[in-house]
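User: I'm new to this one and would like a quick tour. Can you put it up?
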Amino acid sequence: MKFRRRRRENVDIGLAPLIDVVFILLLFFVVTTTFTRETQLRVDLPEAASGTPPEATEIKLLEVVIDVDGNYTLNGKALVKHDLDTLMAALNKESAGDRTLPMIISADGKTPHQAVITAMDAAGKLGFAHLRITTVEAQAAP
């Protein structure tokens, strides 16, 4: 018995539908990707070197002083309220929109941590780039 062989049909993969599917997947991934912009504060910590600090020139700066009870003082002027919105408004008014001014936070050693974080949050939300936290040099034990 002699069987006839069937002719094989040429199988072609259509590239046009394949490219369409790839582009649709690419479009789906681009649309569903979330873009988040992380806000970060640049914190310049003071160095623990002995000696006197360099003489300050006439540079305008913002100094936030926080007392033991968490009360804020901006450049020597006490703030009426002690919340984030009041501090942000005072910083915005004092800086006159200049976000390049250096900002210094001086807090008492027993200040609630939340008060310092609130001051740092206000600086971050307003976009201040130069933030310093002042400390005093520890005294050697006798």
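Analyst: Lys-125 and Asp-121 are a place to start: both sit in helix H3, four residues apart, about one turn of the helix. Keep in mind that this is a predicted model.

User: What do Lys-125 and Asp-121 form?
Analyst: A salt bridge, with the closest N and O atoms 3.7 Å apart. Lys-125 counts as exposed at 52% relative accessibility, while Asp-121 counts as partly exposed at 33%.

User: How many salt bridges turn up in the whole structure?
Analyst: Two. Another pairing is between the side chains of Lys-77 and Glu-94, at 3.9 Å from N to O. Lys-77 belongs to strand S4 and Glu-94 to helix H2, so this pair ties together parts 17 residues apart in sequence.

User: Is Lys-77 buried or exposed?
Analyst: Exposed, with a relative accessible area of 53%.

User: Switching to the inside. Which residues have the most contacts in the largest nonpolar core?
Analyst: Val-64, Ile-66, Tyr-72, Leu-87, Leu-91 and Met-103, in a core of 23 residues. Strands S2, S3 and S5 and helices H2 and H3 each supply at least two of the core residues. H3 gives the largest share, seven residues.

User: What does Met-103 touch, leaving aside neighbours within four places in sequence?
Analyst: Its contacts include Leu-62, Val-64, Leu-91, Ala-119, Ala-123 and Phe-128.

Technical notes:
Residues numbered from 1 in each chain as written. Predicted model: local features only at pLDDT ≥ 70, side-chain atom pairs only at ≥ 80, totals over all residues. Heavy atoms only, no water. Core = buried A, V, L, I, M, F, W, Y, C linked by side-chain atoms within 4.5 Å. Buried < 20%, exposed > 50% of the residue type's maximum accessible area, 1.4 Å probe, protein only. Contact = heavy atoms within 4.5 Å. Salt bridge = Lys/Arg side-chain N within 4 Å of Asp/Glu carboxyl O.
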